[in-house]
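This report describes selected features of one protein model. Please look at the sequence and the structure before reading on.

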Amino acid sequence: MSEDIKKTISELHIYEKKLLKELESNPDVTPEQIAENTGMNIKSVMSAAGSLASKEIIEVDKKVQETYSLTDDGMEYAEHGLPERKILEVLADKKEIPMKDLASEAGIDKKETGIALGWLRQKNWAQIDKGVINITDIGKEFVDKAGVDEKVLDYLKLNADGVKLFTDDLRDGFKKLTGRKNILNIKKETSHSFKLLPKGEAILKVGFEIKQQATQLTHEHLKEGEWKSLEYRPYDINAEAPVIFAGKKHPLRIIIDEIREIFLNMGFSEDNGEFVESAFWNFDSLFQPQDHAAREMQDTFYLKNPLTCDLPDMDLVKLTAETHETGADTGSIGWQYDWSEDIARQSVLRTHTTGISTKHLFEHEPPIKMFSVGRVFRRETFDYKHLPEFHQVEGLVCDEGISYQNLLGTLKEFYKKLGFEVRFRPAYFPYTYLSTETEIYLEEKESWIELGGAGMFRPEVLKPLGINQPALAFGLGIERLAMIRYDVEDIRMLYKSDIKWLRELPISKGVQL
Ligand code: FA5
């Protein structure tokens, strides 16, 4: 405790010390007196007090005192009567006045008649019947008697310097007057008082000297050699600093950029596809039979415009058809059905980025090392790990001697660089054999979450494309990586534009290249 106190004392500013000393000698000292006694200006006193309060050394109490006085209109009413009083005086004589004559009879402004009538009714002094105002019994009573509000007007007239507090008998009248416009002036004065807290008392008990301390080195200090003898005030490096929210990239953009950096550093080149793709490239080139469940309308977005896409090179189309129907020379018997060109022409919003890999294989000669990052679309129902539109990173390596071990090694390396440790699980995709899925454990959900699919392309995929070398391929979800990286329990958070969350996210964790 006393070590803490010593440290706190060493970090006190000279103004804080002066204020504490003042408070020690007079617990009721006001900020103004402190300013006068110490020569500090009042702003410095208040800022030292604020600083001491934030360190729980003193408590600052704020009081607001209101002073009430009459405005010019208020004074006019106090001297010559409220407009409803003027009407009452006429009514006392005549008992009734036609509405149209009200202003002239009572000698009040036309503008005031509305207000006056309102108050007459409120005070129950008069009633209106068929365009004529009549005095009531209560009204008669008040002809020679002041109302509670009128008593306050009188009182304020006598106390022209202003009144801070009203006695009980005037309080109702005061309330009534505050409900009327332009009668009362309210001046607010704020005063502060300080109280030592236990920490402040402990500091004073230990004691300190008030010496000028340097908080900054100046050119003069250095030139004159004064820096050698100066006493320096230590910085509190744990003091709270203002939080600054710098502009930064969206977390998804950060992770996408990191992924691109990793693959480019691993010697991959980047390719890009289109959002609108033919069913041929999205499904058929991947040996997905035309009645495969993934092609159903409930899983895939089919487009009306364009309704169809062009098919590629007819030799490739024929070979693909043959492979689907009989297996051609791939060593398998295919899917054994009649392949349809029309179905292959359908245009779809790509459901994955794997069509980019088959197109790339068709258009390039091995050795190939390609990756692609892009958006994909599926008719999914939203839940904590599913979106209908999300990003995948696709990868493809094709060369003589490429094996399943290379696939596992590449994926492990990639995830490691991003800071993830994953496990592999056997899986099935119609276009790969062997196939695997990478997964990561989610503590909060107590379950494994799938990050991506991968495998060695089957001969049924490679042969029609004219590829005789083995090829490894993978397609990995990016939002799921962001979810884990940024500790988001629900994938939808990434698209919510929650400004508080975005501001407080760290700028980047950085890639270990
Ligand atoms: C595929 O898309 C395969 N094309 C991957 C592949 C490529 C396998 C090459 C073999 C060779 P899958 O449908 O499992 O696989 O999706 C891959 C990853 O995308 C998933 O592991 C998951 O991380 C992510 N993903 C899938 N659906 C959604 C969704 N609705 N919302 C968010 N992420 C999703």
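A salt bridge is a side-chain nitrogen of Lys or Arg within 4 Å of a carboxyl oxygen of Asp or Glu. Side chains of opposite charge can pair when their charged atoms come close. The model is predicted, so local features need pLDDT of at least 70 and side-chain atom pairs count only at pLDDT 80 or more, while totals for chains, interfaces and linings use all residues. Residues are numbered from 1 along each chain as its sequence is written, and side-chain values use heavy atoms, with hydrogens and water left out.

**Salt bridges**

The structure holds 31 salt bridges. Arg85 forms one of these with Glu150, and the closest N and O atoms are 2.9 Å apart. This pair links distant parts of the chain, since Arg85 is in helix H6, Glu150 is in helix H10 (residues 148–158), and 65 residues separate them. Helices (H or I, at least four residues) and strands (E, at least two) are DSSP runs, numbered from the N terminus. Both Arg85 and Glu150 are buried. Buried means under 20% relative accessible area, exposed means over 50%, and partly exposed lies in between (1.4 Å probe, protein chains only).

Arg180 forms a salt bridge with Glu84. Here, too, distant parts of the chain are linked: Arg180 is in the loop between helix H11 (168–178) and strand S5 (184–196), whereas Glu84 is in helix H6 (residues 83–94), 96 residues apart. Arg180 and Glu84 are buried. A network of salt bridges links Glu84, Lys123, Asp149 and Arg180.

A further salt bridge joins the side chains of Arg171 and Asp168. Because Arg171 and Asp168 are three residues apart in helix H11, about one helical turn separates them. Arg171 counts as partly exposed at 38% relative accessibility, and Asp168 counts as exposed at 62%.

| Pair | Closest N to O distance |
|---|---|
| Arg180 and Glu84 | 2.8 Å |
| Arg85 and Glu150 | 2.9 Å |

**A largely enclosed helix**

Why is helix H18 described as largely enclosed by the rest of the structure? Seven of the ten residues of H18 (residues 354–363) are buried, so the helix is largely enclosed. The buried residues are Thr354, Gly355, Ile356, Ser357, Thr358, His360 and Leu361. They pack against helix H15 (279–282), strand S9 (368–377), strand S10 (389–398), S13 and helix H20 (459–462). Contact here means heavy atoms within 4.5 Å.

Ala78 is found in helix H5 (residues 72–80) and counts as buried at 10% relative accessibility. Not counting residues up to four places away in sequence, Ala78 touches Leu70, Leu153, Asp154 and Lys157. Ala78 and Pro430 are 352 residues apart in sequence and 96 Å apart in space, C-alpha to C-alpha.

Lys211 lies in the loop between H12 and H13 and counts as partly exposed at 37% relative accessibility. Leaving aside neighbours within four places in sequence, Lys211 is in contact with Ile14 and Glu231.

**Surface patches**

Patches are made of residues with over 30% relative accessible area and no salt bridge; like charges are joined within 9 Å, and nonpolar side chains (Val, Leu, Ile, Met, Phe, Trp, Tyr) within 5 Å. Accessible areas come from the Shrake-Rupley method with a 1.4 Å probe, and for residues only the protein chains shown count as cover. Lys and Arg count as positive and Asp and Glu as negative, while His and the chain ends are not counted. The place of a charge is taken as NZ of Lys, CZ of Arg, CG of Asp or CD of Glu.

Glu443, Glu444, Glu446, Asp487 and Glu489 form a negative surface patch. Glu443 lies in the loop between strand S12 (432–442) and strand S13 (447–457) and counts as exposed at 58% relative accessibility. Leu217, Leu222, Trp227 and Tyr232 make a nonpolar surface patch of about 410 Å². Leu217 lies in the loop between helix H12 (198–206) and helix H13 (219–224).

**Backbone details**

A cis peptide bond joins Asn305 and Pro306, with omega about 5 degrees. Another cis peptide bond joins Tyr433 and Leu434, with omega about -10 degrees.
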